[in-house]
Structures are given as structure tokens and as C-alpha cells.
Amino acid sequence: MAYRIHLDVERNRWYLTASWTCPTLKTIPLEAARTKGVVGVDTNADHFAAYRLDGHGNPVGDPRQFFFDLSGGTTHRDAQIRHAITRLLHWVKRCQVQAIGIEDLDFAQAKTREKHGGRKRFRRIVSGMPTGKLRTQCHLVKPLG
């Protein structure tokens, strides 16, 4: 984090500018992640579904679901998502894996169809999925292990 303090003499005002950089995330090749264990996460409108995957990407054991409620205000919704992510990460740690795979939802094509069909229910479901929040929160987590 860096700060710059500047005095504008003509206006007799102080200005503070802050800047920061996000640390580069340590990544490992997919093959290495598979050998050390992976949990695959599927994002849904009201829960995260997670599977422990074997070295070939096949599910091992029963899926786990981490529910959240996105009704209410922003603070409530954010807390619900953080709590679901925390429960997910605790379970992932107990699984002793080295990586988490999060589905990459690309609704670009679906949005185009939806625009012409007026599918409000579909739009609500898609906008309710906290994929961006999940990615953001997971990037803030220390590497596993």
C-alpha cells in the first residue's frame, strides 16, 4: 500500500491518494493439482455444491451443500455468502486437498437469448448466483496446505 499526500496551494486543500497492488496468486498446473487432490465447486442460486474429485476428475463420496439466503439487505447477503464460503473452506481443509476448482459460468449467450425472450425468472436466478463474490472471497484466502 502506498500513500501520496499533496497540497494544492491555489485551492488551499490537501489531497490523499492511496494505491495498492494485489499479490500474485501462486498457481500450480492442473495435473499437479489433480494428484494432490481437488474439490470442485458448483455455484447455485441458494447454495454451493462441492465434490471431492479423484485424480481423473471423478466425484469421490457424497456431495456437500453449503446453503445461503440472499434475501434481505446487502449486509445480510454478504454475511450469508461469507459464512457459506467459510464452511466450504473448512470442509476443503478437512479433505486435505491442494486446490479448489470453481465453475466458470459464462452467461453471455444466455443473456442474449433472455434479452429477446423477456425471461425475468431466468434473469433473477442468474443475477442471484454469487459467482463473483465467491471468486473474490476465495482469492483473499491463503493457499491451502
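Helices (H or I, at least four residues) and strands (E, at least two) are DSSP runs numbered from the N terminus. The model is predicted, so that local features need pLDDT of at least 70 and side-chain atom pairs count only at pLDDT 80 or more, whereas totals for chains, interfaces and linings use all residues. Residues are numbered from 1 along each chain as its sequence is written, and side-chain values use heavy atoms, with hydrogens and water left out.

The buried residues of H2 are Ile81, Ala84, Ile85, Leu88, Leu89, Trp91, Val92 and Cys95. They lie on the same side of H2, because they cover an arc of only 165 degrees around the axis, the arc being that of the directions from the helix axis to the C-beta atoms. H2 comprises the 22 residues 74-95, and its end C-alpha atoms are 31 Å apart, in agreement with the 32 Å that it should span at 1.5 Å a residue; the expected span is 1.5 Å times one less than the number of residues. Gln96, with a positive phi near 60 degrees, follows H2.

Strand S4 (residues 47-53) is mostly covered, with five of its seven residues buried. Two strands are taken to pair if DSSP finds at least two bridges between them. Strand S3 (residues 38-43) pairs with S4 in the antiparallel sense over six bridges, and Val41 stands opposite Ala50 of S4. Three residues separate S3 from S4 in the hairpin that they form. S4 is also joined by six bridges to strand S5 (residues 59-67), again antiparallel; here Phe48 has Phe66 of S5 as its bridge partner. The hairpin of S4 and S5 has five residues between the strands, and Gly57 in the turn shows a positive phi of about 90 degrees.

A nonpolar patch on the surface is formed by Met1, Tyr3, Ile5, Leu7, Val9, Trp14, Leu16 and Trp20, with about 1,100 Å² of accessible area together. Strand S1 (2-8) and strand S2 (13-19) are the elements that give two or more residues to this patch, and S1 gives the most, with three residues. Met1 is found in the segment before S1 and counts as exposed because its relative accessibility is 66%. Patches consist of residues with over 30% relative accessible area and no salt bridge, with like charges joined within 9 Å and nonpolar side chains (Val, Leu, Ile, Met, Phe, Trp, Tyr) within 5 Å. A salt bridge is a side-chain nitrogen of Lys or Arg within 4 Å of a carboxyl oxygen of Asp or Glu, and accessible areas come from the Shrake-Rupley method with a 1.4 Å probe, where for residues only the protein chains shown count as cover.

Key: Buried < 20%, exposed > 50% of the residue type's maximum accessible area, 1.4 Å probe, protein only.
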